[in-house]
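Here are some notes to go with your model. Have it open while you read, and look up each residue as we get to it.

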Amino acid sequence: MVTKQGLSNLTVIPFRDIFLPNLRRKPDQNYKKSRRTRKNEKNPYDQTRNPQGIIQMGLAENQLSLDLVESWLSENQDVAGFKSNGESIFRELELFQDYHGLPAFKKALVQFMAEIRGNKVSFDPKKIVLTAGATSANETLVFCLAKAGDTILIPTPYYPGFDRDLKWRTGAEIVPIHCTSSNDFKITARALQQAYQEAQNCNLKVKGVLVTNPSNPLGTTMTRAELDLLMDFIVEKQIHLVCDEIYSGNVFGSPNYTSIVEVLSKYEKAEVWDRVHVVYSLSKDLGLPGFRVGAIYTNNGSIIAAATKMSSFGLVSSQTQYFLSMLLSDKKFTRNYISENKKRLEKRHASLISGLQNAGISCLKSNAGLFSWVDMRHLLSSSTFEAEMELWDKIVYDVKLNISPGSSCHCSEPGWFRVCFANMAEETLEIAIRRIKAFVDVGIYGSVCLM
């Protein structure tokens, strides 16, 4: 863990200690699924070339508003050509840049972060560390907060990639905070205490709690009561809180979104002030995952110093920073994009929910994200995870829809699935809905005629 003495007290973990335990580890429960997924990639749906291929509904990408970015780019071609006032700035950008990041980009980024949160909070560009995507940001924070063998608590269901991002190289462990459908998977004080006690029973030192808000895979925003509960818990246990807020600009319905930064404002003079950290990215809100732009925001000076040095292993290119600084500084564009993107997400979400309801399938009520948490428990042959995988096999290979089973998200109840809706054309979603309805109509053991 980073101390106030800065980097001098950081524990250096030997290379072999980080990697060899993972190399010796048996394949996890998702190995079989990942091998199938690679096979599925060889048979992707295409409206013309492969109309009976597998439709990708397991990828949380936002492709609904890329035309807005493309339109801005066509009107600002000098930016793409690395020109300023008609003069080339290529040489300036191609030279090595300080890994603290371009000041113009950091300023534009924190202003955008505030704007998508309704300007109810503000961010200091001096407290932000740029990383190559949210994956790098989360891993960097765990390196800063925990030693190999220490533990992070995460509420279930959670993004399956955390098993890779937080554990593989850091040597840290994850202990789940088990949430259930009985209260729409909300975090409770009892669940927090049980997870903490479970870690202690295993002689694991808990260093923090990590949550995604809005939630991946639930597509819900955390209530103020839940955020207050988390703050009380980390104050009591003297641990850290990491809030992954990469979907904060994808809230399209009520209740309104509350950032942990808004809650933290009343703790400014408290000791917990520097133990709450935010992860952000432009991958979901702007639909630019290929640009690899992420960030850590924290009041903790020691973590800023350590994470900034670590960011040299995953820098954001100067060209990317320049382009995005110009894009995000255009307030007319950002204002229109935020508004229009929410409208499109709301409409697409409604199309999926309506189609599934017509097929007799319900979903957890949600208001954010690029996916829905779909309840298919009534389609299971038995209330087991084996039955869930049997149903998943049927949906992937017969119905030709690649969705994510709840077990991959560590859900404690079999029969839930994450279904993405923003990474495809409207026509493709309509075909997917027709396929799932045909499947439900004939039953799990029937033969599906693909649409």
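Where is the place of Phe185? Let's start there, after a word on how to read the model.

Residues count from 1 along each chain as its sequence is written, and the model is a predicted one, where local features need pLDDT of at least 70, side-chain atom pairs count only at pLDDT 80 or more, and totals for chains, interfaces and linings use all residues. Side-chain values use heavy atoms, with hydrogens and water left out.

1. Phe185 is in the loop between strand E6 (173–177) and helix H9 (189–201). Helices (H or I, at least four residues) and strands (E, at least two) are DSSP runs, numbered from the N terminus. The phi of Phe185 is near 60 degrees, a positive value in a residue other than glycine. Phe185 is also buried, at a relative accessible area of 4%. Buried means under 20% relative accessible area, exposed over 50%, and partly exposed in between (1.4 Å probe, protein chains only).

2. Now try Asn119, in the loop between helix H6 (103–116) and strand E4 (128–131). Its phi is positive too, near 55 degrees, and Asn119 isn't glycine either. Is Asn119 buried or exposed? Asn119 counts as exposed, because its relative accessibility is 55%.

3. Next, have a look at two prolines. The peptide bond from Thr156 to Pro157 is cis, with omega near -5 degrees, and Pro157 is in the loop between strand E5 (151–155) and helix H8 (162–165). The bond from Asn213 to Pro214 is cis as well, with omega near 0 degrees. You'll find Pro214 in the loop between strand E7 (206–212) and helix H10 (224–237).

4. On to the rings. Rings of Phe, Tyr and Trp (its six-membered ring) pair if their centres lie within 6.5 Å; planes under 30 degrees apart count as stacked, over 60 as edge-to-face and the rest as tilted. The count comes to 12 aromatic pairs. One of them is Tyr158 with Phe162: the centres are 6.3 Å apart and the planes at 35 degrees, so this pair is tilted. Tyr158 and Phe162 are both buried.

5. Phe333 and Tyr337 make another tilted pair, 5.7 Å centre to centre with 35 degrees between the planes. They are separated by about one helical turn, because they sit four residues apart in helix H14 (residues 331–358). Both Phe333 and Tyr337 are buried. Together with Trp72, Phe291 and Phe323, they form one aromatic cluster.
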